[in-house]
Amino acid sequence: MKKELIIILITTVFLFRCDGGIEPEPVKPDGPTGFKGAVTFTGDWPDGVKRTHLVVFKKPIQKTDDFFPPNLSFVSDSIPYGSSVFNYNSLENNFLPILQLGEGSYSYVVVAQSKTEEISFERKDWYVVGVYCNNGDQSSPKELILRAGEITEGVNIKVDFNNPPPQPPY
């Protein structure tokens, strides 16, 4: 009887304490999380532009307050005026290092321009000139999905100054 009780006890412990048996625990990625791609510009750059940045927002821009903090997730270094192509890597071209991208989805990835000298967090100071989008349709923003420990490649945006995208609310 004692022997049977010990076997039942050991079996119970193994059944309820060993989640995956001798399976190894899943490997957690230890590399950086980010994205990279290129912004391609066509047409003539507008006069008076002082700042051009790649900007990532967690949620879509549905009202003026959604345009900046706390929805703002990433801002690239300033893109030089007159560029035809700007290749970037979010790990190397981070204008605001306090903003760190993590695993998750981001709803609105855009290239935005401003005519102000200083960085402004007011929606009225920015104009969207390019959108990371589905099938070239700038009215249909494409969700950027980042996985922990991976660099998502091919996040490319086309800016056509002769055919600007729809603007989010002012």
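Two strands are said to pair if DSSP finds at least two bridges between them. Strands (E, at least two residues) are DSSP runs, numbered from the N terminus.

The structure is a predicted model, in which local features need pLDDT of at least 70, side-chain atom pairs count only at pLDDT 80 or more, and totals for chains, interfaces and linings use all residues. Residues are numbered from 1 along each chain as its sequence is written, and side-chain values use heavy atoms, with hydrogens and water left out.

**Strand pairing**

Strand 8 and strand 9 run antiparallel and are joined by two bridges. In this pair, Asn134 stands opposite Asp137 of strand 9. The two strands form a hairpin with two residues between them, and Asn135 in the turn has a positive phi of about 50°.

An open sheet is formed by four strands in the order 3-2-6-7, with antiparallel pairing. Its edge strands, strand 3 (72-75) and strand 7 (126-131), each pair on one side only. On average, neighbouring strands of this sheet are turned by 35° against each other, direction ignored; here axes are lines fitted to C-alpha atoms, and angles run from 0 to 180 degrees between N-to-C directions. Within the sheet, strand 2 pairs with strand 6, and Val56 stands opposite Val109 in strand 6.

Strand 1 and strand 12, by contrast, run parallel. Thr40 has Lys158 in strand 12 as its bridge partner.

The table sets out three of these pairs.

| Pair | Sense | Bridges |
|---|---|---|
| Strand 2 (residues 51-57) and strand 6 (residues 108-114) | antiparallel | seven bridges |
| Strand 1 (residues 34-42) and strand 12 | parallel | four bridges |
| Strand 8 (residues 133-134) and strand 9 (residues 137-141) | antiparallel | two bridges |

Buried means under 20% relative accessible area, with a 1.4 Å probe and protein chains only.

A nonpolar core is a set of buried Ala, Val, Leu, Ile, Met, Phe, Trp, Tyr and Cys residues joined through side-chain atoms within 4.5 Å. The largest one has 22 residues, of which Phe35, Phe41 and Val111 touch the most other members. Among the elements that give two or more residues to this core are strand 4 (85-89) and strand 10 (144-146). Strand 1 provides the largest share, three residues.

Leaving aside neighbours within four places in sequence, Phe35 is in contact (heavy atoms within 4.5 Å) with residues including Leu54, Val56, Phe74, Tyr88 and Leu146. A second, separate core of 16 residues includes Phe68, Leu96, Tyr108 and Trp126.

Terms used. Buried < 20%, exposed > 50% of the residue type's maximum accessible area, 1.4 Å probe, protein only.
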